[in-house]
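Subject: A structure for you to explore

Hi,

Here is the structure I promised to pass on. Have a look at it first, and then read my notes below.

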Amino acid sequence: MTKTVEIKNSEYFLLSTKQKDWLDKAYKFANRVTVDSILEADSQNIFPYDLFEAACEVGFGSLPFEPGFGGGGGDYVSFALVNEVMARKSVPIMSSLGVHVLCQEPIYAFGTLDQKNKYLIPSSSGKALGAFGLTEPEAGSDTANIQTQAKMVANGYVLNGTKVFITSGASASFYIVMARLITENNNGNTNGKGKSDTITAFIVDRQTAGLSIGQKFDMLGMRGYSTCELVFNDCFVPSENLLGEHFHGRKVALSSLAKGRVTIASQATGWAYGAIDALMVYFKRHPKAMKKTYYERIGHLLALAASTRIKTLEAASLVDTGNLSVKDSSIAKWHATDVAMEVVSEAMNIVGIECQDKSLLLEKIYRDAKAGQIYEGTNQIQRMLVGKFLT
Ligand SMILES: Cc1cc2nc3c(=O)[nH]c(=O)nc-3n(C[C@H](O)[C@H](O)[C@H](O)COP(=O)(O)OP(=O)(O)OC[C@H]3O[C@@H](n4cnc5c(N)ncnc54)[C@H](O)[C@@H]3O)c2cc1C
C-alpha cells in the first residue's frame, strides 16, 4: 500500500502568537504569487518591483525593526519565518527583501536622525529599495582588499571604483557602499594596522551624478534581482551621507552581515522545504512511484530540513536577545545552505528527468541554493571563520 507523507512543520510549536501571525501573513502573501509569474521573473531576469511594494505594504519590508521610522515591530524570528516561506514558495522578491533589511540595519545602528528619516521611512513602505555594495572584482571573500576609493574633499567625498554582483542594484534607490577613505593625512595608507583600517561606509543615492549601473548579470541562480555592477566615476557624495565614522566601515558592515547570514539560513530552510513540496507534487502526479524506499528517503530529507529550521530559528532568536555571534550566524548559514543543496539534489534524483519541468520549481531551487552557498561569504569562508573561533 502506498503511504502518503504529511509535512508537519512541528518545529513551529514554540512560536509566539505574534510570530505565528507573521508566518500566516507570509503564507497568505506567497500563496497568491502564481507559478507563471515566478517563472517569468526567472526566465526574463526582471525584478517585480510591484510585488516588492506589496510585500512592504504587509509589513515585511522593515519587519524586524521598532515601530519608530516605519519599522514593522516584529523580531528576527518572525523575519526568518517570512524569508523561509518566501523561499519555500520561490516568491521572486525574496533575496531583495533580505538585502533591503540588511541595508536598513546599519542605518538604524549608525545613522543620523536625518538619515533615518530620509531612508528608513520610505524603505518601510517600499517607496525606497536598498542595495548593499561591498563586493568588487578583486574583493569577494577578501573584503579587506576593497579598491573603491573615497577621497575627502570640501563638504564630502569623491568616490571612484566598481562594485560587482550587487543584488537589487539596477532597481534600488539607495546603496550602502564600502570604500577606502583617502584623507590628506593617510593618502590611503592604513597606518600599518591592517588592510581594512581605512574602509568607510557611505549611503549613496541612485540619482547621484557619477554613479551609473554597469553590466547586468545573467545569473545562473537568484535571477530576477537586477543584479549588476555599480560604477563610481568621480561620484560626489555629500558629508551628510557618511554612515558611521571614518574608518569604521568594517564595523558597519559586520553589524548587518552577521544578521544577514541568518536571513540566508532561513531562505535555505525554505529551499529545502520547497524541494520536498515539489517532490510531493511529483508523487501526486505519479502515485505509484511512491515506493517504500522513497518513503524512507523522504523521511531523511524532512529530517535534514527540520534540523536546518531548528538551527536557523535558534540563530534568529540569538539576534533577538542580542547574543548572536559571528560563529553562530556562520554555522547557521553554511549548515542551512549545504542542507538545502543536499535536499534539492536528492529530490531531483528521486524525480528523475521530470525535475526539468520548470513548473515543479525544483531546478530553480537547485540554482538558487547553489548561489546561497556562495553569497554573503562562501561556505568555505564561514567554516574558516568558525574554525578561528574554535582554535
Ligand atoms: C546571487 C549573488 C548575489 C550577491 N549579492 C551581493 C550583494 O548584494 N552585494 C555584494 O556586495 N556582493 C554580493 N554578492 C557577492 C558575494 O558576496 C561574493 O560572491 C562572495 O563574497 C564570494 O566572493 P567571490 O565570488 O569573489 O569568490 P572568491 O572570494 O574569489 O572565492 C573563490 C573561492 O575561493 C575560496 N577562498 C577565497 N579566499 C579563501 C581563503 N582565504 N581561504 C580558503 N578559501 C578561500 C572561496 O571559498 C571560494 O571557494 C553576490 C553573489 C551572488 C552569487
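The largest nonpolar core has 120 residues, and those that touch the most other members are F202, A272, A275, V343, V344, A347 and L362. Helix 7, which covers residues 249-285, gives this core its largest share, 17 residues. Please keep in mind that this is a predicted model.

Beyond its neighbours within four places in sequence, V344 is in contact with W271, A275, L362, I365, Y366 and A369. There is also another core, lying apart from the one above; this one has five residues, including M222, Y225, A371 and Y375. As background, nonpolar side chains tend to be buried together in soluble globular proteins.

Next, a pair of helices. At what angle do the axes of helix 1 and helix 4 cross? The angle is roughly 20 degrees, and the axes of helix 1 (residues 17-31) and helix 4 (residues 76-88) come within 9 Å. Angles under 35 degrees count as roughly parallel, so helix 1 is roughly parallel to helix 4. The crossing of helix 1 past helix 4 is right-handed. On the helix 1 side, the contact is made by Q19, W22, L23, A26, Y27 and A30, while helix 4 brings V77, S78, L81, V82, V85 and M86. Sorted by type, the residues of this contact are 10 nonpolar, two polar and no charged.

F47 sits in the loop between helix 2 (35-44) and helix 3 (49-58). Is F47 buried or exposed? F47 counts as buried because it has 25 C-beta neighbours inside 10 Å, and the cut-off for buried is 20 or more. Leaving out neighbours within four places in sequence, its contacts are S96, S168, S171, G224, Y225 and S226. F47 and T227 are 180 residues apart along the chain, yet their C-alpha atoms are separated by 9.3 Å.

M222, which we met in the five-residue core, belongs to the loop between strand 6 (211-216) and strand 7 (228-238). Its phi is near 50 degrees, a positive value in a residue other than glycine. M222 also counts as buried, because 25 C-beta neighbours lie inside 10 Å.

F247 is in the loop between strand 8 (242-243) and helix 7. F247 is not a glycine either, and it has a positive phi of about 70 degrees. With 19 other C-beta atoms within 10 Å, F247 is partly exposed.

Happy exploring!

Definitions and conventions:
Residues numbered from 1 in each chain as written. Predicted model: local features only at pLDDT ≥ 70, side-chain atom pairs only at ≥ 80, totals over all residues. Core = buried A, V, L, I, M, F, W, Y, C linked by C-beta atoms within 7 Å. Buried ≥ 20, exposed ≤ 12 C-beta atoms within 10 Å, placed from the backbone. Helix = DSSP H or I, 4+ residues; strand = E, 2+ residues; numbered from the N terminus. Contact = placed C-beta atoms within 7 Å. Axes fitted to C-alpha atoms, helices over the stretch in contact; angles between N-to-C directions. Parallel < 35°, antiparallel > 145°, perpendicular 65-115°, else oblique. Left-handed = near helix turned anticlockwise from the far one by under 90°. Nonpolar A, V, L, I, M, F, W, Y, C, P; charged D, E, K, R; others polar.
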